[in-house]
Amino acid sequence: MARNGRPPLGLQLSDEERTELRSRLNSRKGATDEKFRIRIILALAGGESSRVIAERMKTTAQTISKWRRRLRRSGWRDWGTPRAQAAVVA
């Protein structure tokens, strides 16, 4: 089958990072939006394309691409930080 679009760019996670992410995902008290992002991270680390991830998660490929870019820019640990908390105090 022919492939459309760019090939997925691999995401490397250490075993420690995978363990921490899976622990957060399985936590009963985790926020739904954080769990959504964790599922994206783990899928990207598994080498899946944005389209496949988007179909499975019932979202758009653009959403997956947005989080892929944010991950590359700031790492996954900063994803849960609300923008209001990240504001610079003048």
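Accessible areas here come from the Shrake-Rupley method with a 1.4 Å probe, and for residues only the protein chains shown count as cover. On that basis the chain exposes about 6,800 Å², with carbon and sulfur atoms supplying 50% of it. This is a predicted model, so to speak, with rules attached: local features need pLDDT of at least 70, side-chain atom pairs count only at pLDDT 80 or more, and totals for chains, interfaces and linings use all residues. Residues are numbered from 1 along each chain as its sequence is written, and side-chain values use heavy atoms, with hydrogens and water left out.

**Overall build**

- The chain has four helices and zero strands, where helices (H or I, at least four residues) and strands (E, at least two) are DSSP runs numbered from the N terminus.
- Read from the N terminus, the elements go α-α-α-α.
- Of the 90 residues, 27% count as buried, meaning under 20% relative accessible area, while exposed is over 50% and partly exposed lies in between (1.4 Å probe, protein chains only).
- Take the contacts (heavy atoms within 4.5 Å) between residues at least 6 apart in sequence: 45% of them join residues at least 24 apart.

**H2 against H4**

- Helix H2 (residues 32-45) packs on helix H4 (residues 61-74) at an angle of about 80°, and their axes are 10 Å apart; axes are lines fitted to C-alpha atoms, for helices over the stretch in contact, and angles run from 0 to 180 degrees between N-to-C directions.
- That makes H2 and H4 roughly perpendicular to each other, a label that covers 65 to 115 degrees (under 35 is roughly parallel, over 145 roughly antiparallel, the rest oblique).
- H2 brings Phe36, Arg37, Ile40 and Leu44 to the contact, and H4 brings Thr63, Ile64, Trp67 and Arg68.

**H3 and its buried face**

- In helix H3 (residues 50-57), the buried residues are Ser50, Ile53, Ala54 and Met57.
- Looking down the axis of H3, these buried residues fall within an arc of 100°, so they line one face of the helix; the arc is that of the directions from the helix axis to the C-beta atoms.
- H2 and H4 are among what covers the buried residues of H3.
- Just after H3, Lys58 has a positive phi of about 55°.

**The loop at Gly47**

- Gly47 sits in the loop between H2 and H3.
- With 42% relative accessibility, Gly47 counts as partly exposed.
- Gly47 and Gln12 are 35 residues apart along the chain, and their C-alpha atoms are separated by 9.4 Å.
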